[in-house]
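Thanks for making the time. I will go through one structure this morning, element by element, and stop there.

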Amino acid sequence: MIDYSERIPNNVNLAEDKVLQRALERWQPGFRDWWSGTGPADSSELLVYLRTAISVDRDGWANFGYVKMPDYRWGIFLVPRDEHRQVNFGDHKGDAAWQEVPGEYRSPLRRIIVTQGDTEPASVEQQRLLGMTAPSLYDLRNLFQVNVEEGRHLWAMVYLLHRYFGRDGREEAEGLLERRSGDADKPRILTAFNEETRHWLAFFMFTFFTDRDGKFQLASLAESGFDPLARTCRFMLTEEAHHMFVGESGVARVVQRTCDEMQKRGLEDPAAGREFGIIDLATIQKFLNFHYSVTLDLYGSDVSSNAATYYTSGLKGRYEETKLSDDHKLSGADYPVAEVENGRIVTKQIPALNALNARLRDDYIGEIQAGVDRWNRIPEKFGMKFRLTLPHIGFHRKIGNFAGHHITPDGQVISEAEFAARAGEWLPTRADHDYVESLMGRVIEPGKFANWIAPPVRGVNNQPIEFEYVRFN
Ligand SMILES: [Fe+2]
Ligand SMILES: [Fe+2]
């Protein structure tokens, strides 16, 4: 007999739920194989200072201690149920929130859960090799923390599939372990999750830009009328905050280190400094351009009837739906969306119901801009003129109104040929990747950091920066 509350910390009454136990027991060996085969490389013997969620209480969700990752206790948590919760938007507004899947929404809900669930293992696969070149023990530990929590997010989605979707759900849960990031035959569902994360600058950009897309997707699912989905996503958001912190502080530390060296050497050109082993600001800007643009594609088409259906059905709300003051049905409302018309970018008012993807993306951009502004305080402090900027939303897009058009970072519509000729000014080239990769090398002495990145301001969980965050036996 497995002691479920010990092996799998949970607040879903797993010990009493025989059907769920059987489904999870069948799925778990596959998950373990997946973790050892495609999770963090060469990591199974390391002792890692990780936090584990063991309950949803204030001091239960972040328990710190040394763990071997294959023994990590991936738990299943939903924020506690509010008995009075209602469907807060769409056609069913005012009804009691659904505790079971409404028959007519079974297939779109399953689709939503599978699409979200697929991103979680995908990012672990993308980051598989990064541990080999971690710039410090502190960073190595943060990478592993993100990885185990994405593993837990996969569990969270699998729980919903097993518990609420019967046989179809079990099949989808298997599928989540079968697809592979970047695989030609069985790729992950969303394009950005099939890109390689080849080095730590890409990792920090990914956790800043793409995990924050995760936050906005989870936040809009946390509004769902299907209560178990809402409560699951709500809990995942508490963990997601750390992933975005890793990204934002990671990029900030790279910028800090670069500005430091530039000042010491009297450099002003943003493209200068490679001979000193730092990542020049111009290169950082190119990676920002790349990760931002591919992440914008994750929001889907600007004009989307699917998004409208998800909303009117009560399945997926807007960001902070219940804090907005309107009719929560969007009847007669419009929303501005940009597109290309006769070689120019124009903004049109379209029915707000059809613009929900664009709206969620715009909410996202607001937070991203605030993060970039925080990064820019660093060159400002050094008295440097350089600032990082977000490219135009039409830049380098493959999905939505700008797909098939060629837009410069400052929003000029140009020809395909001109874009191709200038792409290397705006996006990382092979040589840029090679350069950044050439800097990567594992640093495992406690308190030491690779030359291209500054130490963090503080350690994890009040531990000193020189704490032994990972133990190699
Ligand atoms: Fe996640
Ligand atoms: Fe995440």
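How many bridges join strand β3 to strand β4, and do the two run parallel or antiparallel? Eight bridges join them, and the strands run antiparallel. Before going further, please note that this is a predicted model.

Staying with that pair, β3 covers residues 334-341 and β4 covers residues 344-351. As for burial, β4 is hardly covered: of its eight residues, the count that is buried is zero.

Now the chain as a whole. The protein chain has 12 helices and seven strands. Its radius of gyration is 23 Å, close to the 23 Å from the globule rule for 473 residues, so the chain is as compact as a globular protein of that length. Along the principal axes, the C-alpha trace spans about 65 × 65 × 40 Å. Of the 473 residues, 46% count as buried. If you take the contacts with a separation of 6 or more, residues 24 or more positions apart account for 70% of them.

Next, the core. The largest nonpolar core has 113 residues, and the members that touch the most other members are Val158, Leu201, Met205 and Val254. Which helix gives the most to this core? That is α4, residues 137-164, with 15 residues. What does Val158 contact, once neighbours within four places in sequence are left aside? The list is Trp27, Gly117, Ala173 and Leu176.

Three strands form an open sheet in the order β2-β1-β7, with antiparallel pairing. The edge strands are β2, at 63-68, and β7, at 470-471, each pairing on one side only. Strand β1, residues 47-52, pairs with β7 over two bridges in the antiparallel sense. One of the residue pairs to look at is Val48, whose bridge partner in β7 is Val470. Helix α4 packs on this sheet, where it touches β1 and β7, and its direction makes about 50° with that of β1.

Helix α3, residues 106-126, has 21 residues. From first C-alpha to last, α3 reaches 30 Å, close to the 30 Å expected at 1.5 Å a residue.

Gln21 counts as partly exposed because it has 16 C-beta neighbours inside 10 Å, and the partly exposed class lies between the cut-offs of 12 or fewer for exposed and 20 or more for buried. Not counting residues up to four places away in sequence, Gln21 touches Tyr4 and Leu14. For a sense of distance, Gln21 and Ser43 are 22 residues apart in sequence and 28 Å apart in space, C-alpha to C-alpha.

Last item: backbone torsions. Most residues other than glycine have a negative phi. Where do Asn461 and Asn462 lie? Asn461 lies in the loop between α12, residues 430-439, and β7, and Asn462 is found in the loop between α12 and β7 as well. Asn461 has a positive phi of about 55° although it is not a glycine. For Asn462, phi is near 65°, again positive in a residue other than glycine.

Asn461 has 13 C-beta neighbours inside 10 Å, so it counts as partly exposed. Asn462 has 8 C-beta neighbours inside 10 Å, so it counts as exposed.

That is the end of my list, and I can take questions now.

Conventions. Residues are numbered from 1 along each chain as its sequence is written. Chains are lettered from A and ligands numbered from 1 in the order in which they are written. This is a predicted model: local features need pLDDT of at least 70, side-chain atom pairs count only at pLDDT 80 or more; totals for chains, interfaces and linings use all residues. A nonpolar core is a set of buried Ala, Val, Leu, Ile, Met, Phe, Trp, Tyr and Cys residues joined through C-beta atoms within 7 Å. Helices (H or I, at least four residues) and strands (E, at least two) are DSSP runs, numbered from the N terminus. Two residues are in contact if their C-beta atoms, placed from the backbone, lie within 7 Å. Two strands pair if DSSP finds at least two bridges between them. Axes are lines fitted to C-alpha atoms, for helices over the stretch in contact, and angles run from 0 to 180 degrees between N-to-C directions. The radius of gyration is taken over C-alpha atoms; the globule rule is 2.2 Å times the number of residues to the power 0.38. The expected span of a helix is 1.5 Å times one less than its number of residues.
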